[in-house]
Amino acid sequence: MKCLVVDDSKMARRMTIKALSDLISENDEIIQASNGEEAFNLYKEYNPDICLMDLTMPVIDGFEATLNIKKFDEKAKIIIISADIQETSMEKAKKNGALGFIKKPVNSDNLKVMLEKLGLF
């Protein structure tokens, strides 16, 4: 499995990767991006199985990056991981194509529940 982890905070990416590493095998690949533009470019290059996306980032935010990725690949599996838990943000993210929403800080338990709920794990 290939997973794209997108967050402008290196610490947040580490926390997400730690939560993810409890669920995946050594042979799985984790790709990192620090903004939405980089995420879109890496998505096109690596075609990951799942994308874990922050919302608030420089260059291109998670809303636009999600929309761009879904326009490129309508089957893309994107889960938002964000501290922004406002209903309007969750609705906008889903409207742009996100499959789910996890509140930061993410841990392996809530990530596993989301992946199982979506049939991705």
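**View 1. Exposure and backbone at V59.** V59 is exposed, at 59% relative accessibility; buried means under 20% relative accessible area, exposed over 50%, and partly exposed in between, with a 1.4 Å probe and protein chains only. The phi of V59 is near 70°, a positive value in a residue other than glycine. V59 sits in the loop between β3 and α3 (62–72). Helices (H or I, at least four residues) and strands (E, at least two) are DSSP runs, numbered from the N terminus. The model is predicted: local features need pLDDT of at least 70, side-chain atom pairs count only at pLDDT 80 or more, and totals for chains, interfaces and linings use all residues. Residues are numbered from 1 along each chain as its sequence is written, and side-chain values use heavy atoms, with hydrogens and water left out.

**View 2. Positive phi at N47.** N47, not a glycine, has a positive phi of about 50°. The loop holding N47 runs between α2 (36–46) and β3 (50–53). N47 is partly exposed, with a relative accessible area of 46%.

**View 3. Cis peptide bond at K104 and P105.** The bond joining K104 and P105 is cis, with omega about -5°. P105 belongs to the loop between β5 (100–103) and α5 (108–117). Most residues other than glycine have a negative phi, and most peptide bonds are trans.

**View 4. The annotated span.** An unreviewed UniProt entry lists residues 2–119 as "domain: Response regulatory". UniProt positions are given in the numbering used here, feature names are shortened, and annotations may be inferred rather than shown by experiment. The end C-alpha atoms of residues 2–119 are 16 Å apart, and the span is 45% helix and 19% strand.
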